[in-house]
Amino acid sequence: MWRILLVCLSTLISSCLAQTDYITCRLHSTFRQADNSDITVTCGANYIYLSILLCPIYYGGYNESLVALNGRFNISACYGVADFGASTPVLNFNISISQETVSLCGNSLVIVDQVDTGQLSASSRVQFVNISGSVVSQDPGNSPISYQQELQYQFSCRYLLQHMINNTEVSVSRMSLAVRGNRGSFISTLSMNFFTNQEYTQPLQIPDGGLQLKTRIYVQVKATNLTNRFNVLLDRCYATTNPHPINSTYYDLFVGCDRNRQTVVDVNGVSQEARFSFEAFRFIEHQNMTVSTFYLHCITRLCENSMCSSMLPNCVRKVRRGIQVSRYSSKVETVSSGPIKTKVDSGGPPSSSTQSTSSLSENSETVAGVATLTCLLSVGCTGLVVFLMLYKKRRCVIHY
């Protein structure tokens, strides 16, 4: 008996709440027929955010329980969350862009392959991911006919699988990454880290006084929280004297097959991390400074693993390709950390030990020069004496 009363009471409360929500919308200015402009789509780094005006849904004879992603009404994760507390009542959907979640509610994930028309490579391809779906209504009755208009809100997000990993001011002592997610970007899944060993297990600690020149730095660009459908492919990595790569002195560590002699690329385009190493150097323009500070940037793309092999550069025939950084300024994203520093001669007066060494070196050179001159004079004198003796003897013989 009590159980029946509780069920009845619960139903009555739900009905009252539904009536309250309906009244809220009934008095709102958006209580009208549905329109294409009722949906707002935000393509985030980890989620696609949908916000749909709720009152037009009520106007059409539906509510939040009768609307779901792609008609998957049997899956709770495919329903939206109503927000009547906002100034305009809305129905919100947060869709994770992981492959498993996208397919759970019937959304479509398609890889689009296009030829790269930029200056990076005349023969390489650029890939996009297009995620699309729709939010549809369900008729509340069981009748084979309906007098209510069906609601359908379509959405799509297009993600460019190319980024710039900009390890601006790389100082591992404060290596917390400041990740910024922008519209239509997977950039929040990418990070750059530095190590001291070729196993990439010991993080690099950069002292305030800078690294010794020719110290080998191991760099890892890694994708996390990403479906295993994609690999990481580095197109170009370079250093600049300015945190912002545009209008700055730069030095290429590698561009495709063309690389600096001290740069070694270990892994690229075959997994969800890329690895390379280079020797610490200094910029000539920092010769009057005690520390040379430079910044590392990598232009990176995510490629579908079945296509990565065809997107890797063909190193049989090496071709030098110049790149203007501004070409990527409208497409790239940035992940930032702190400075790579190397020790530089300050240009001040030499120390006493340096003066002593220099003096010894000069004395040694002087002694060596005198000894050489003496030896040459001795040989010359000896030769002259022998010549005179032979000449005198020959004259004596002829005279006789």
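The legends below describe close-up views of a predicted model.

Residues are numbered from 1 along each chain as its sequence is written. Local features of this predicted model need pLDDT of at least 70, side-chain atom pairs count only at pLDDT 80 or more, and totals for chains, interfaces and linings use all residues, while side-chain values use heavy atoms, with hydrogens and water left out.

**View 1. An open antiparallel sheet of four strands has the order β1-β2-β5-β4.**
Strands (E, at least two residues) and helices (H or I, at least four residues) are DSSP runs numbered from the N terminus, and two strands pair if DSSP finds at least two bridges between them. The edges are held by β1 (39–43) and β4 (81–83), each with a single partner strand, so one side of each has no neighbour in the sheet. On average, neighbouring strands of this sheet are turned by 20 degrees against each other, direction ignored; the axes are lines fitted to C-alpha atoms, and angles run from 0 to 180 degrees between N-to-C directions. Five bridges pair β1 with β2 (residues 47–53) in the antiparallel sense. Thr42 has Tyr49 of β2 opposite.

**View 2. Tyr22, Ile23 and Leu27 form a nonpolar surface patch.**
Together the three residues have about 330 Å² of accessible area, a quantity that comes from the Shrake-Rupley method with a 1.4 Å probe, where for residues only the protein chains shown count as cover. Patches are made of residues with over 30% relative accessible area and no salt bridge; nonpolar side chains (Val, Leu, Ile, Met, Phe, Trp, Tyr) are joined within 5 Å, and like charges within 9 Å. Leu27 lies in the loop between α1 (2–26) and β1. The relative accessibility of Leu27 is 73%, so this residue counts as exposed; the cut-offs are over 50% relative accessible area for exposed, under 20% for buried and in between for partly exposed (1.4 Å probe, protein chains only).

**View 3. Thr30 is placed in the loop between α1 and β1.**
With a relative accessible area of 11%, Thr30 is buried. A polar contact of 2.9 Å joins the side chains of Thr30 and His28. Such a contact is a pair of N or O atoms within 3.5 Å; within protein, one must be able to donate a hydrogen and the other to accept it, and residues adjacent in sequence count only if both atoms are side-chain atoms.

**View 4. Asp38 and Arg32 meet through their side chains in a salt bridge.**
A salt bridge is a side-chain nitrogen of Lys or Arg within 4 Å of a carboxyl oxygen of Asp or Glu. The N to O distance in this pair is 2.8 Å. Asp38 is buried at a relative accessible area of 2%, whereas Arg32 is partly exposed at 30%. The whole structure has six salt bridges.

**View 5. Strand β13 (residues 230–240) is largely enclosed by the rest of the structure.**
In β13, 11 of the 11 residues are buried. Antiparallel pairing links β13 to β18 (residues 291–304) over 10 bridges and to β14 (residues 250–255) over five bridges. Thr240 stands opposite Tyr295 in β18, and the bridge partner of Thr240 in β14 is Tyr250. Arg236 and Asp252 form a salt bridge, with the closest N and O atoms 2.8 Å apart. This pair links distant parts of the chain, Arg236 in β13 and Asp252 in β14, 16 residues apart. Arg236 and Asp252 are both buried.

Strands β16 and β17 (residues 273–279) run antiparallel and are joined by three bridges. Opposite Val264 stands Ser277 in β17.

**View 6. Salt bridges link Lys214, Arg216 and Glu279 in a network.**
Between Lys214 and Glu279, the closest N and O atoms are 2.8 Å apart. Lys214 lies in the loop between β11 and β12 (216–223) and Glu279 in β17, so the pair ties together parts 65 residues apart in sequence. Lys214 counts as exposed, at 55% relative accessibility.
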